[in-house]
Each structure stands twice: as C-alpha cells, then as structure tokens.
Amino acid sequence: MAETAQMQVSDEVAIRINNMNKWYGAFHVLRDINLTVHRGERIVICGPSGSGKSTLIRCINALEEHQKGSIEVDGTLLSSDLKNIDKIRSEVGMCFQHFNLFPHLTILENCTLAPIWVRKTPKKEAEETAMHFLEKVKIPDQANKYPGQLSGGQQQRVAIARSLCMRPRIMLFDEPTSALDPEMIKEVLDTMIELAEEGMTMLCVTHEMGFARQVANRVIFMDEGQIVEQNEPEAFFNNPQSPRTQLFLSQILGH
Amino acid sequence: MTTISDPPQESFRPSMLLSDTRYRSITFQVIALALLLTAIWYLGSNLAANLRAAGLNISFQFLGNPAGYDINQTLIPYTSQSTNLQAAWVGIINTLLVSFLACITATIFGVIAGVLRLSNNWLVRKLMAGYVEIFRNIPVLIWILIIYTIMTAAMPAPSAFRGDDPASSMMLGSFAFTNRGVYIPGPVMGPGSFIVVATFVASVIGVFAYRRYATKLLYDTGRLLPMLWPSVAILLVPTIVMFFILGMPIGLDYPALKGFNFQGGIQIGAPLIALWFALSIYTGAFIAENVRAGIQAVSRGQTEAAAALGLRSGRIMNLVVLPQALRVIIPPLISNYLNITKNSSLAILVGYADITATLGGITLNQTGRAIECVVLLMLFYLVISLGISMVMNVYNNATKLKER
C-alpha cells in the first residue's frame, strides 16, 4: 500500500506555503509555516487541540486570512482579490467536522447547488454528476432525503460527495470523524481511503492514527502554531524525534 | 407513560384515578373542565341578574340608528346621519389601513436595521443598536404622543402658506406639510387609464416570469442571464410606452390652498401619520432584533461550507442563509404583526377614528350599549388576529425544515 502510494506522487507542486504567519489579535496562532505539498500526496496533520492545525488548512482555501508570508495553490498566489479566491476555492474541496450540509435542501440539491450556481452546469448534468458521486460514497438511495433524516456517518459521506461534485484537485479534511460514533468512523474513513487510492491530493487534520499509517505518505505534527516534526508514517510513529511528539504519541496511542 | 409489558389485569379501584398513569390525566382534565364551566355559569348568571335588576337587555338594534357624530378621516362614504354600523365600518377600515401600512413599514425598518446591526462598519452597527434600544424601550403610547405633538406644534398651519410672501411654501410645489396633516398630489384617472394600470400589473407579473425563466435557463443550460436591468426594463418600459400611446390618461391633482385649508390631492391626517409612524418605528425595533436573531441562528459553518464550495457572499445569503433564517424570523414576526394590529387601538389618543374610537368610544358613550360594543370589539380583534396568525402559519409551515 505504502509503496503504491509513493508511486502516485508527482513532482508537480499542488500547494506551497512560505513563511506563513497568522495572528488572532495579539495571539500568534501560526508561526513561520513552511510546507510544500506535491500532487497526489496524502498528508495527515495531527497535534494537540489549539495547536493551529485546523487554522492552517482553513488558510489554504481562504476561510481564514493569513497576515504574513504566502500561500500558492496550483500556481495561483492567494491574495484578497475575490477572483483569485474564487479560483482557488474551485480547485480545493473541504469537509468539516460538523458536516455543514444545508438542512433546507435535499441531499441531491446539496450536491448540485454549487455546480449549478458556480460552475454554471446544467441541472440535469449536475444531477448526473451528483448521483455518480453519491453512488461512490454508497448512498444513492438517500438522494431525495433531507440531511436531518440521515445518520452522522451518512451526512459526512454526503459532504464528501458534495465537495467532489465541484471536481476539486485538492481535498481538505478538518477532523472529519471527530463528531461521529465509532461504528460510523469506519464508513467515512473507507470513503477517504478510496479517494486516496484514486490519487487525490489530500490534507487531513485527524486523530485517526490507523488511517495515517495506512494512507498518509507524510505525517505532520504541530504544536503551538509550529510544525514540530514531519516524516513518513513508519518513521513518525516508530521513531519520533522531538520529545513533544513522543509525549503526544504516548498519550493518544497509550489507550 | 404507559407500560405495555402485559401486566396482570388489575380490577379498577377508585384510588387508581389519582395513582394510575392511565387514568390520572383524564381525572385532572375532568376537574379542570368542571371548574371552567362553573366559572362561566357564575359570570353569565351574574350578568343576567344585574341586567335584569337595572332593567336592561342585550340588543343590537342601536347599530341601525343614526350615529350623530362626524369622523374626520373616512375611506368610505359617511356623514353624521349614517348609522352606527356604518361608523363601525369606517373604524374597521381605518384600523385595517393603519395596521397594514404599519406592518409594511415596520418590516422595512426592521429588516434594514436588523441586517445593518450585523454590519462590519462600527458606526452603522452602533447607530442601529441605538435605534433598537431607544425605540423598543420607550412605550409606544409615548412615541405616538411625541410624534403627534411635533406634527401639530412644529408644523405650520395651512394659513402660513397664504399671501404674497408666505411663511411656508409647498415642497416641489406639490407637497404641503401642515399641522393638520400632509397633503400630496392624487392621481386623476382619465379614459384609458385602466389599460395603463393593467399594463403595469402585467409587467410586474412579467418580471417574476422573467426571473423564473432565467433560473430555469440556468438549470437547463447553465447560462445565467443578467437579472437587474432586464427586470427594471420589463417593469417600466411597457407602462411608459402605453402611457404615452394613450395620450397620458393619468394626471395628477395637486393640493391647493382654498379658503382656510388645502383642497384637492390626497390628505393624510396628522393622527394617521403619527400613529402609523410611531407603530412602525416602535415595532420595527422589535423586528430588527428578530431579523438579527434569525441571521445569527444560521451557524457560521453553513456560510463557511458554502464559501468553500466557491459561492460568493450574495449568493450565500440568498441560497443558504436566508432560507434558513426565515424559519427563525417568521414566528416572532407573526406576533409583531398581531401587536401592531392590537396597538393600533391606541389611535383614540390622537383622535384617529379606528374601531376602538368609533364603536368602542363615541358609539358606546352615546348609546350606553357597553356590553354589546365591547363584545363586538373583542370579536373584531380576535378575528383579525387569528386571520393574520393563520396566514403566517401557512407560510411558516411552507418554510419549515424536514427532520424526519
């Protein structure tokens, strides 16, 4: 698995973050972040809560503004220009901890809203695409239900399908399984693994270390707004370098 | 809660009426109903006995007698020789008029203030907070008085508009603000004016049809037509063309000073303006809070998810936030509309002839038919309020979320 994964990574750069800094008021939440992600790479970001890992990936699609440094996505330099932000958001899909499906729309409408209004796809075509991805996440039979009628795991899979309908080249996952029951975590992770096997560039903030071992080709550990350590999963888990990483791993793997 | 675990069949004992969950609630309902009926019977027999002792009866014949008083603002024909029933109709229509106008303007004030209170602009935000806090925390009765006093004390009398060098002049030559009210130009419908009005109504329908078509086209082919300018063109061009083709059949009747007062045009009396404006700004402050609560009730995650999908903020508002905010805004909006209707009964304070002032005021005093008048008054407000409530509930059900 790890070997096939390696082979899919290309030299092409998908995301390049250079000396990025971010403050919330006086609070320095991200410090000198440097990160290069190649196309096809699957990166797992972990770290204690408040370490800035969610903020980091939210900066990539401009849900948060950074104050210093630069972010480049697919060759487009992120600025505060609306057209620029539109372009980057159309390349980057995102899944959230609390799914954030639109409760007033059906599953199918959730998946076709952005393709119709942003991509200007005809409705019929958008619905075909949506059904294709809903089949992929294995819930085509729920297409005409509302989000409130689905379980948490199903909702998160819909959220993944909704993002995929925009045909993104990069997917960001912000703790996609943290709000789920243990039995539902697996169905969401299976979907994500399938996505990884197809060569999607992925950045996942997650505490699912099994997922990290199986899918990631790089694991990043963050603490206090800094990237403390990054390595291939095997090396990262078996031979962590910094004491902070060792402590973190002993805490989350200890039970 | 009833347990369905196949229990041994117990025989009924009287103590089970209080101790058994199956009978307990029925017992209490029977007791409550009995108490209520007793109270109604007591009050009813009391009323009957007192009426008998005073030599009175219940009769609605007075409604057919001449009212014998004048009303300053009427929308339907009325003289002092008209019946009390006609006076009541004048009152009902005046109540409906001021309530309807105030509901519309209060909604406009409320939506604007509510949205602006969430603005990123510090000054605008604070101004709106000031508006809301000042207007909703001072009784509406006082607002009616303040505005009426300003109008009657500070505005010039019609006589100030007279002479070669008048103290006041009409705004744009057609609007006169006086202490008796505001005089504005009124339309004069010539022959063919019906066609112009009909064209305009058709254009309004046409705008909706166009927007529908544009959405359908987007759904079918992915082409998004421009919305704003075509809408404006469809709305105005046919009506203007028709207006000139038919030789300008609709003219304006300008108010002009004749004798002691303005004649012609439309007169909006000071009492109506004071009541209308006071109810609007007062209730608008409450609606502003509802609107703000509704928008804030939609979680940030919704906006973020929509933004992450590439939607711009205007579309996010229209397609994601508002549809969800409306279901939070509508129920309190209903009760604010009901409040406007009921608070309009304060009209009597400034001499606006609403139903409380005519039927519940002068008619009641002159005929002495207190019970009949008050019962009719209560029935009227009840019917109107239940009507508003019903219409808005239908709308509320239509925007409700499906959870199961």
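Predicted model: local features only at pLDDT ≥ 70, side-chain atom pairs only at ≥ 80, totals over all residues.

Me: How many salt bridges does a search of the whole structure find over all chains?

Reply: Side chains of opposite charge can pair when their charged atoms come close. The rule used here asks for a side-chain nitrogen of Lys or Arg within 4 Å of a carboxyl oxygen of Asp or Glu. Over all chains, the search of the whole structure finds 22 salt bridges. One of them pairs the side chains of Arg312(B) and Asp86(A), at 2.6 Å from N to O. Arg312(B) lies in the loop between helix H9 (300–308) and helix H10 (313–343) of chain B and Asp86(A) in helix H3 of chain A, so this pair joins two chains. Helices (H or I, at least four residues) and strands (E, at least two) are DSSP runs, numbered from the N terminus.

Me: Is Arg312(B) buried, exposed or partly exposed?

Reply: Buried means under 20% relative accessible area, exposed over 50%, and partly exposed in between (1.4 Å probe, protein chains only). Arg312(B) has a relative accessible area of 37% and is therefore partly exposed; Asp86(A), at 21%, is partly exposed as well.

Me: Which residue forms a salt bridge with Lys138(A)?

Reply: The partner is Glu194(A), with the closest N and O atoms 3.3 Å apart. This pair links distant parts of the chain, since Lys138(A) is in the loop between H5 and H6 of chain A and Glu194(A) is in helix H7 (residues 182–197), 56 residues apart. Lys138(A) counts as exposed at 55% relative accessibility, whereas Glu194(A), at 26%, counts as partly exposed.

Me: How large is the area buried between chain A and chain B?

Reply: The size of an interface is often given as the accessible area lost when the parts come together. Buried area is what two parts lose on being put together (1.4 Å probe), summed over both. Between chain A and chain B about 2700 Å² is buried, and carbon and sulfur atoms give 64% of that. In chain A, the residues that lose the most area to chain B are His104(A), Trp117(A) and Lys120(A), together 24% of what that side buries.

Me: How many residues of each chain are in contact?

Reply: With contact taken as heavy atoms within 4.5 Å, 31 residues of chain A touch 27 residues of chain B. Across this interface the rule finds 2 salt bridges.

Me: Where is Thr121(A) found, and which residues does Thr121(A) touch?

Reply: Thr121(A) is in the loop between H4 and H5 of chain A. Not counting residues up to four places away in sequence, Thr121(A) touches Pro115(A), Ile116(A), Ala126(A), Leu218(B) and Gly222(B). Its relative accessibility is 14%, so Thr121(A) counts as buried.

Me: Which residues of chain B are 100% helix?

Reply: Residues 26–44 of chain B are 100% helix and 0% strand, with end C-alpha atoms 27 Å apart. Over residues 231–252 of chain B, the chain is 68% helix and 14% strand, and the end C-alpha atoms are 27 Å apart.

Definitions and conventions
Residues numbered from 1 in each chain as written. Chains lettered and ligands numbered in written order. Heavy atoms only, no water.
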